[in-house]
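Reader: Please take one chain of this model and go through it closely. I would like to know how it is laid out and which parts face its partner.

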Amino acid sequence: MDTISSEKKTIEQVLAENGAYIGPTVGVSMLPLLKTRRDTIVVKPKTERLQRLDVALYRRGDAYVLHRVLQPIEGGYIIRGDNCYSDEKVPENAVIGVLTEFFRKGKHVYCTDKRYIRYANRRIKTYKIRRFFVILKSKAKAAVKKIIGRK
Amino acid sequence: MKIKKGFVVRVVGGESVVVPVGELSKTFHGMINLNETGAFLWNFFTEEHTIDEGVAALCGEYEVDEERARVDVEKFAEIITQNGFIE
C-alpha cells in the first residue's frame with residue numbers, strides 16, 4: 001500500500017500533490033447530477049481556460065464550490081449550479097480545478113461522454129422553464145399559506 | 001478484522017482510491033491511495049476475515065510466498081487499525 005492518510009489538506013494541496021482530487025460531493029446545487037455524500041467527483045487542476053459546460057471547482061471565501069460554466073467572459077466566467085436559479089460571476093483566479101469524471105450511483109461517467117454532454121446542454125436550455133415553475137410553485141405555496149393564515 | 005462501512009473504492013486512471021461516502025464523509029476528509037495489493041486486501045477485508053485468511057487469499061491471488069504475504073497483510077492491518085478504518 002502506498003499511503004493511508006487522514007491528515008486534512010486543502011483541495012489545492014491535494015491537486016498539487018496528486019494531480020487530482022477524488023472525493024465526495026457536498027450540497028444540493030449540482031442536483032440532479034450529483035447527490036451529496038453519495039457520489040464521487042474527480043477534479044483535475046485547471047490547465048487552460050474553461051469552456052461552456054465545463055464544471056469548475058472554485059473558491060468562494062473559505063468554501064469550495066462546484067458549478068457549471070455557462071459562459072467564459074473576460075477575466076472569468078458566468079457560472080451556475082445545475083440546481084441553482086441565479087448566476088455568479090467568478091474571476092479566473094478563483095477557479096482551481098475542473099470536473100473531469102464522476103461516479104454517480106456508483107457508475108463511472110467521463111465528462112466527455114456524449115450522454116453527459118447532452119444532459120449538460122439540456123440543463124442549460126431548460127433553465128428558463130424550470131425557473132418559471134420554481135417561481136410559480138413558490139408563489140402558490142405563499143398564497144396557500146396566506147389563505148390558511150386568514151382562517 | 002473488518003473494514004468499516006462507509007468507504008468505496010474508485011478506480012481512476014488505473015489507480016485505486018478509497019473515498020468516504022455518507023455519514024463517514026463528514027468526519028473523514030482524506031484520500032486513500034492503494035496499490036494493487038492494497039486494493040485487493042481492502043476489498044477482501046470489507047467482509048469479516050482473519051489475518052491468516054488474508055494471507056491465504058493473497059497467496060491464492062498473486063504469486064507470492066506466505067512469508068512475504070504475511071508481511072504485507074500485517075502491514076496493511078496495522079495501517080488500517082491505526083487510522084481507525086476497522087469496525
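Author: From the N terminus on, chain B runs β-β-α-β-α-α-α, which makes four helices and three strands; helices (H or I, at least four residues) and strands (E, at least two) are DSSP runs, numbered from the N terminus. The model is predicted, so local features need pLDDT of at least 70 and side-chain atom pairs count only at pLDDT 80 or more, while totals for chains, interfaces and linings use all residues. Residues are numbered from 1 along each chain as its sequence is written, and chains are lettered from A and ligands numbered from 1 in the order in which they are written.

The three strands of chain B form an open sheet in the order β1-β2-β3, with antiparallel pairing; strands pair if DSSP finds at least two bridges between them. β1 and β3 of chain B are the edge strands, each pairing on one side only. Between β1(B) and β2(B) there are six bridges, and Val8(B) stands opposite Val19(B) in β2(B).

As for the partner, 21 residues of chain B are in contact with 20 residues of chain A, contact being C-beta atoms, placed from the backbone, within 7 Å. The elements of chain B that give two or more residues to this side are β1 (7–12), β2 (15–20), β3 (32–34) and α4 (66–82).

Of the 87 residues of chain B, 26% count as buried, that is, with 20 or more other C-beta atoms, placed from the backbone, within 10 Å of their own. The C-alpha atoms of chain B fill a box of roughly 40 × 30 × 20 Å, taken along the principal axes.

Terms used: Buried ≥ 20, exposed ≤ 12 C-beta atoms within 10 Å, placed from the backbone. Contact = placed C-beta atoms within 7 Å.
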